[in-house]
Amino acid sequence: MGVEKLWQGMIMDRQMQKMKEICKNIQGENHEKRYMLEDMPSVTKIILGGLGIEKVPVPIVAIMKSLEFQVVSGKMEDEISGIVAIDDTLKKEFKSDKVIAINSKDNIGHQRFTMAHELAHYLFDFDVSNSITYYNAYNTKEDESESERRANYFAANLLMPEGIFREKFKQAVVENNLYLTVDNLSSIFQVSHEAVKRRIAELSLQV
């Protein structure tokens, strides 16, 4: 093994330990105070800042793997974007008790959003201190519950942090052309057009 590979391995190990520590703190605080929708910008800042992530696209796959999630994909029903599962019985097939399954029929941008969405469920809805198993499916056709709205807002803030989004918006905006503006931002952040449109509306930006 070369020195460079050793160094990269050490950095990755540090990142894994850091993310686990951040995750543990968030889950512990959530058990005490229950994070709400309005807390998502500050929570995602803690994650991104703790990991030293200052550029986009945010490496969501690496973040999931740092928490020892196996990320797999396959064809699902159209309305199901993904499933998060925590269960000891998964180890035999997936070599991990934590799995995120992504609908391979979705575009890459939406797949990335789904991973971030399911990370939110893991952080805020899985009672790590009292539960052994947890399953959740991301169904885009169902009415949004409080936890679904929180998961979507978490994903938006994690993948499209407000400060960076506003900066990139100024660079990418095409006056009077929403489609080109959205397409530019979709490429920059590697999320779907729909996710970009929602983020523009959330931040009250004008094209």
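Keep in mind that the model is predicted. Helices H2 and H6 pack at an angle of about 45°, six aromatic pairs turn up in a search of the whole structure, and Gln190 has a positive phi although this residue is not a glycine.

**How H2 and H6 pack**

- Start with helix H2, which covers residues 40-50, and helix H6, which covers residues 146-159; their axes are 9 Å apart.
- The angle between these two helices is about 45°, and H2 and H6 are therefore oblique to each other.
- As for handedness, the crossing of H2 past H6 is right-handed.
- On the H2 side, the contact is made by Met40, Pro41, Val43, Thr44, Ile47 and Leu48.
- On the H6 side, look for Arg150, Tyr153, Phe154, Asn157 and Leu158.

**Aromatic pairs**

- The whole structure holds six aromatic pairs, and two of them are described here.
- One of the pairs is Tyr35 with Phe124, an edge-to-face arrangement with 5.7 Å centre to centre and 65° between the planes.
- Tyr35 sits in the loop between helix H1 (3-33) and H2, while Phe124 belongs to helix H5 (residues 108-124).
- That puts the two partners 89 residues apart, and the pair links distant parts of the chain.
- Tyr35 counts as buried because its relative accessibility is 5%, under the 20% cut-off.
- Phe124 counts as buried too, at 2% relative accessibility.
- Phe69 and Tyr122 make another edge-to-face pair, with 5.1 Å centre to centre and 90° between the planes.
- Phe69 is in the loop between helix H3 (60-66) and strand E1 (70-74) and Tyr122 is in helix H5, so this pair ties together parts that are 53 residues apart in sequence.
- Phe69 has a relative accessible area of 3%, so this residue is buried.
- Tyr122 is buried as well, with a relative accessible area of 7%.
- Phe69 and Tyr122 also belong to one aromatic cluster, together with Phe126 and Tyr134.

- You'll find Gln190 in the loop between helix H8 (178-189) and helix H9 (193-202).
- Gln190 counts as partly exposed because its relative accessibility is 36%, which falls between the 20% and 50% cut-offs.
- Gln190 and Ile108 are 82 residues apart along the chain, yet 7.5 Å separates their C-alpha atoms.
- Setting aside neighbours within four places in sequence, the contacts of Gln190 are Pro57, Gly109, Arg112 and Leu185.

**Backbone spots to look at**

- As background, most residues other than glycine have a negative phi, and most peptide bonds are trans.
- Against that, the phi of Gln190 is near 55°, a positive value.
- Ser204 likewise has a positive phi, near 55°, without being a glycine.
- Ser204 is in the segment after H9, and this residue counts as exposed because its relative accessibility is 56%.
- A cis peptide bond sits between Val56 and Pro57, with omega about 5°.
- Pro57 lies in the loop between H2 and H3, and Pro57 is also one of the residues in contact with Gln190.

Technical notes
Residues numbered from 1 in each chain as written. Predicted model: local features only at pLDDT ≥ 70, side-chain atom pairs only at ≥ 80, totals over all residues. Heavy atoms only, no water. Axes fitted to C-alpha atoms, helices over the stretch in contact; angles between N-to-C directions. Helix = DSSP H or I, 4+ residues; strand = E, 2+ residues; numbered from the N terminus. Parallel < 35°, antiparallel > 145°, perpendicular 65-115°, else oblique. Left-handed = near helix turned anticlockwise from the far one by under 90°. Contact = heavy atoms within 4.5 Å. Phe/Tyr/Trp six-rings, centres within 6.5 Å; stacked < 30°, edge-to-face > 60°. Buried < 20%, exposed > 50% of the residue type's maximum accessible area, 1.4 Å probe, protein only.
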